[in-house]
Amino acid sequence: MKKICLLGATGSVGENTVAVVTAHPDQFQIVAFSFYQNKEKGRKLIQKLQPKLVSVATKEDAAGLSLEFPEIRFTYGIEGLSEVVADSEVQLVVTALSGSVGLLPTLTAIELGKTVAIANKETLVMAGALVMNLAKEKNVKLLPVDSEHSAIFQCLQGENISEVEELIITASGGSFRELSRKELVNVTLSDALNHPNWAMGQKITIDSATMMNKGLEVIEAHWLFGLTYDKIKVVLHKESIVHSMVSFVDGAVMAQMGASDMREPIQYALSYPKRIPMIQPKPFDLAKIGALHFAEMDFERFPLLALAYETGKMGGTAPTMMNAANEIAVAAFIKGQISFLEIENYVEKAIKLDNYVKNPDLETILNVDKETRKLVTSWL
């Protein structure tokens, strides 16, 4: 029985994690979790999972829920996230949070020697060197949950990383993959959230449409698998059937494919190194699918992907600035403050070289993140 802490229980990855856990009650148990704004869904999860510890957004939320569920301990805020992670029963932490808020609890989990199933890509984008160095020092496994990184991880089982020629990350192209730059001028939030293949949260769906999500995945892949950026390629694959590929020095290419079902990579991370049956798997029939399509990535069409490669190669605080600016700009688009294409403008403008630090410590990373957010907010 693996005892699990789930950070971000009410999001799309969180919901799918709960589905996997409850489908295998003899193997997994969620003993602690966090949620933020969605109190109605959070209450239902408390009743369903009966955890011992829950982290919520505010002190007032914690006090109110304590009256409703006196047998459960509640904590709150950023400190609360680290507190649920640190519970003595927790063996595996699933980081399904969205954004930079995932960094500190992930570091706490690693410091305490707990296995981390990581779906919060911003953690490695902001502080990849710090996170991976600490994981190596503490001998902690980081198990990828994103479908792309899980695919690569699965393809590398039993292989030698030194024999890898290239990692090939597939990209659906997002909601606007058929539109030209000119046609993007007047797109709406509703248009952007209409992803053709996946049902995800708002922020990640917008990031998919700008291709920033794929840029974050490139940086994450660099840290997870230790390859240079010239060995990480992105290709357009509209069907989202091949989740990613690994090309080897002898010319062999391994691909992991399957239905567009987030439960699959989540379950693999939870059950690793074993595989267990999927309860009610989504239908997958290549004969019915008939054909798969791939195309070169257009970096002029998706400039934020090009920017992610650039900031990734710069390293230091450059990806931190990019990520912070993107979070603020995407939130502004969701609120109707800026247009879709203006997201790119704010992110590109925020890479301030006078704030750049090549080898930052944690305090510097957090300060640069905070200052970048203030800067972009002041522009808005």
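Ser-240 sits in the loop between β9 (232-236) and β10 (242-248). In this predicted model, the phi of Ser-240 is near 55°, a positive value in a residue other than glycine. Most residues other than glycine have a negative phi, and most peptide bonds are trans. Is Ser-240 buried or exposed? Its relative accessibility is 7%, so Ser-240 counts as buried, the cut-off being under 20%.

Gln-280 also has a positive phi, of about 50°, although it is not a glycine. Gln-280 lies in the loop between α11 and α12. Its relative accessible area is 70%. The cut-off for exposed is over 50%, so Gln-280 is exposed.

Stay with the loop between α11 (263-271) and α12 (286-289), where Pro-273 lies. What joins Tyr-272 and Pro-273? The link is a cis peptide bond, with omega about 10°.

Now step back to the whole chain. The protein holds 16 helices and twelve strands. Its C-alpha atoms fill a box of roughly 55 × 50 × 40 Å along the principal axes. Why call the fold compact? A compact globule of 380 residues would have a radius of gyration near 21 Å, and the protein has 20 Å, so the two agree. Of the 380 residues, 55% count as buried. Among contacts with a separation of 6 or more, 68% are between residues 24 or more positions apart.

Next come the annotated sites. An unreviewed UniProt entry gives the annotation "binding site" to several residues, including Gly-11, Ser-12, Asn-38 and Glu-122. Gly-11 is in the loop between β1 (2-7) and α1 (12-23). Ser-12 is in helix α1. Gly-11 has a relative accessible area of 30%, so it is partly exposed. Ser-12 is partly exposed as well, at 24%.

Glu-148 is in helix α7 (residues 147-155). With a relative accessible area of 11%, Glu-148 is buried. Which residues does Glu-148 touch, not counting those up to four places away in sequence? They are Ile-169, Thr-170, Lys-214, Glu-217, His-243 and Ser-244. Ser-172 is found in the loop between β8 (164-171) and α8 (189-192). Ser-172 is buried, with a relative accessible area of 9%.

Finish at helix α5 (residues 103-111). There Leu-103, Pro-105, Thr-106, Leu-107, Ala-109 and Ile-110 are buried. An α-helix has 3.6 residues a turn, so residues three or four places apart point the same way. Thr-106 shows a relative accessible area of 0%, which makes it buried. Not counting residues up to four places away in sequence, Thr-106 touches Thr-95, Val-116 and Thr-123. Just after α5, Gly-113 takes a positive phi of about 80°.

Key
Residues numbered from 1 in each chain as written. Predicted model: local features only at pLDDT ≥ 70, side-chain atom pairs only at ≥ 80, totals over all residues. Heavy atoms only, no water. Helix = DSSP H or I, 4+ residues; strand = E, 2+ residues; numbered from the N terminus. Rg over C-alpha atoms; globule rule 2.2 N^0.38 Å. Buried < 20%, exposed > 50% of the residue type's maximum accessible area, 1.4 Å probe, protein only. Contact = heavy atoms within 4.5 Å. UniProt positions renumbered as here; feature names shortened; annotations may be inferred.
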